[in-house]
Amino acid sequence: HRPHQHEDESLELDASHALGFIVMASTSLLVLFFFKIFKVVKIMYAFGCSGAFAQIVLHPLLKRIFRKLRWTSPMRPMECLSEENATRAALNGGCKGKILMCLHSFFGPITCLDVMASIIAYGVGGTWLYIAFTVPHPDTILFYWVVQDVFGACMCILFLDTIKINAIRVAAILLIVAFFYDIFFVFVTPLLTKHGESIMVNVATSGGPPKADPSWCEKYPASADCKGGD
């Protein structure tokens with residue numbers, strides 16, 4: 001999604017989408033659990049929410065600032081990525097023309113404002129991801145959990161802005177399948193897994209809570225038994 005066009009894009013859910021949710025969500029959860037690829041969740045969260053952060057917060061904020069400053073040039077489409085320039089370059093042949101046409105087809109008109117919002121958003125997301133991978137239990141760092149909460153809020157707002165439910169029946173189906181999905185993967189899977197693990201809790205906490213004693217983990221946070229629980 002392009003920041004300046006997210007308000008024009010929407011998807012109306014029907015019963016098939018609601019039922020498809022349970023299939024895709026269950027499959028993803030099982031893959032993460034059995035293959036123990038918990039870091040993939042953080043990577044998807046960082047990149048997905050960075051885009052939402054750019055659209056919901058940074059793009060409107062920068063636009064408002066530039067209007068207050070009466071600086072309109074960053075809000076105009078970049079000439080080098082215009083349709084005319086891309087078409088002209090494509091007619092001349094070569095890689096440059098193909099690249100410009102691909103960029104224009106995928107992103108449409110791009111402004112400096114779009115680029116600035118994306119650079120800042122993905123910079124914040126990259127920093128968050130670096131902390132997630134390098135600091136044991138990063139939730140103790142103010143920047144980490146504040147950014148995580150802001151990112152999550154932006155994703156929820158973007159979801160509500162994009163997804164449209166125009167029938168009570170569809171909403172009922174979606175809520176019912178989500179209800180039983182949560183109950184099954186949180187409370188029933190401990191009865192089915194080899195070590196009595198809750199699949200939902202295990203994935204949500206990056207492998208389950210630490211196995212070692214808290215006092216041991218305070219002294220040796222890098223210990224293997226002290227990992228998880230995030």
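**View 1. Ser26 and the residues it touches.** Ser26 touches Tyr181 and Phe185, leaving aside residues up to four places away in sequence; contact means heavy atoms within 4.5 Å. Ser26 lies in helix H1, where helices are DSSP runs (H or I, at least four residues) numbered from the N terminus. Ser26 counts as buried because its relative accessibility is 15%; buried means under 20% relative accessible area, exposed over 50%, and partly exposed in between (1.4 Å probe, protein chains only). The model is predicted: local features need pLDDT of at least 70, side-chain atom pairs count only at pLDDT 80 or more, and totals for chains, interfaces and linings use all residues. Residues are numbered from 1 along each chain as its sequence is written, and side-chain values use heavy atoms, with hydrogens and water left out.

**View 2. Helix H1 along its length.** H1 covers residues 15-35, which is 21 residues, and spans 31 Å from its first C-alpha to its last. This is close to the expected 30 Å, taken as 1.5 Å times one less than the number of residues. The buried residues of H1 are Ala15, Ala18, Ala25, Ser26, Leu29, Leu32 and Phe33. Their cover includes helix H2 (38-68), helix H7 (168-188) and helix H8 (199-204).

**View 3. The packing of H1 against H7.** The axes of H1 and H7 are 8 Å apart and meet at an angle of about 20°. Axes are lines fitted to C-alpha atoms, for helices over the stretch in contact, and angles run from 0 to 180 degrees between N-to-C directions. H1 is therefore roughly parallel to H7, a term for angles under 35 degrees. By class, the contact of H1 with H7 has 15 nonpolar, 1 polar and 1 charged residues. Here Ala, Val, Leu, Ile, Met, Phe, Trp, Tyr, Cys and Pro count as nonpolar, Asp, Glu, Lys and Arg as charged, and the others, Gly among them, as polar.

View 4. Lys36 is found in the loop between H1 and H2. Lys36 is not a glycine, yet has a positive phi of about 55°. Most residues other than glycine have a negative phi. With a relative accessible area of 43%, Lys36 is partly exposed.

View 5. Ser206 sits in the loop between H8 and helix H9 (214-219). Ser206 also has a positive phi of about 55° without being a glycine.

Terms used
Helix = DSSP H or I, 4+ residues; strand = E, 2+ residues; numbered from the N terminus. Parallel < 35°, antiparallel > 145°, perpendicular 65-115°, else oblique.
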